Amino acid sequence: ILGSHGKKGISKWLGSVSRKVVSGSPYPVIVARPPKKLSEEIFSRSKNVLIATDGSANSYNAIKKLVEIFNLDDAVIEIVTVKPGFESLPVEIKSDKEWLNKCLAKEEEIANEILDTAKTMLVQNNYLPEKTFSLEGDPAEEILKYLSTNPKDLIVMGSHGREGISDILLGSISKRILDNAIGPVLIV
């Protein structure tokens with residue numbers, strides 16, 4: 001469990017201890033960001049949890065670790081996944097309505113399977129999520145947009161553990177959430 005100074009811009013890249021620990025830790029890491037306002041309570045009485053999953057083994061492992069570590073008896077749990085969406089499809093698919101509809105239907109089917117698997121994992125541990133839903137677009141941007149109007153006490157994500165140039169070139173959704181979310185983030 002680490003606190004974060006909430007550095008922005010170039011300073012976050014030069015000296016973020018929490019970012020370095022998250023990148024190198026084989027263990028789940030919770031990073032607590034500073035409150036938006038000094039008057040905000042640091043420890044909320046409610047437990048509103050958002051689980052972001054992409055259907056990978058890493059994201060399902062994050063759910064497993066969440067239920068091992070935390071008592072979620074009074075928690076309001078939401079599960080989200082993000083579909084690639086229309087913009088990510090090649091022009092050839094976009095220009096053929098039948099093909100486009102099949103691709104979009106397949107994306108929806110995959111998103112529903114991801115949400116069902118995550119929900120089943122929670123139900124097997126006697127936790128019933130209040131809401132499961134999918135967003136569409138860039139995963140980090142869409143999750144952050146959702147969090148801006150629906151703040152949570154804990155955001156839970158898996159990490160693929162990319163390092164070096166692949167992390168820089170590909171970007172890390174979990175790190176982008178970590179850098180920009182308000183509230184604690186559990187990265188497994």
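**Strand pairing, cores and a helix face**

Biologist: Which residue in strand E7 is the bridge partner of Val31?
Modeller: This is a predicted model, in which local features need pLDDT of at least 70 and side-chain atom pairs count only at pLDDT 80 or more, while totals for chains, interfaces and linings use all residues. Residues are numbered from 1 along each chain as its sequence is written, and side-chain values use heavy atoms, with hydrogens and water left out. E2 (residues 29-32) and E7 (residues 185-187) are antiparallel and pair over 3 bridges, where strands are DSSP runs of at least two residues and helices (H or I) of at least four, numbered from the N terminus, and pairing requires at least two DSSP bridges. Within E7, Val31 has as its bridge partner Val185.

Biologist: Which residue of E2 stands opposite Gly3?
Modeller: Strand E1 (residues 2-3) runs parallel to E2, and 2 bridges join them. The residue of E2 opposite Gly3 is Ala32.

Biologist: Which residue of E6 stands opposite Ile51?
Modeller: E3 and E6 run parallel and are joined by 4 bridges. Ile51 is also in contact (heavy atoms within 4.5 Å) with Ile63, Leu66, Ile77 and Leu122, among others beyond four places in sequence. The residue standing opposite Ile51 in E6 is Val156.

Biologist: How many residues are in the largest nonpolar core?
Modeller: A nonpolar core is a set of buried Ala, Val, Leu, Ile, Met, Phe, Trp, Tyr and Cys residues joined through side-chain atoms within 4.5 Å. Val49, Ile51, Leu66, Leu72, Ile77, Leu122 and Val156 touch the most other members of the largest one. Elements giving it two or more residues include helix H3 (57-69) and helix H5 (97-123).

Biologist: How wide an arc do the buried residues of H2 cover?
Modeller: In helix H2 (residues 17-24), the buried residues are Ser18, Arg19 and Val22. They lie on the same side of H2 because their arc, taken from the directions from the helix axis to the C-beta atoms, is only 100°.

How values were computed. Buried means under 20% relative accessible area, exposed over 50%, partly exposed in between (1.4 Å probe, protein chains only).
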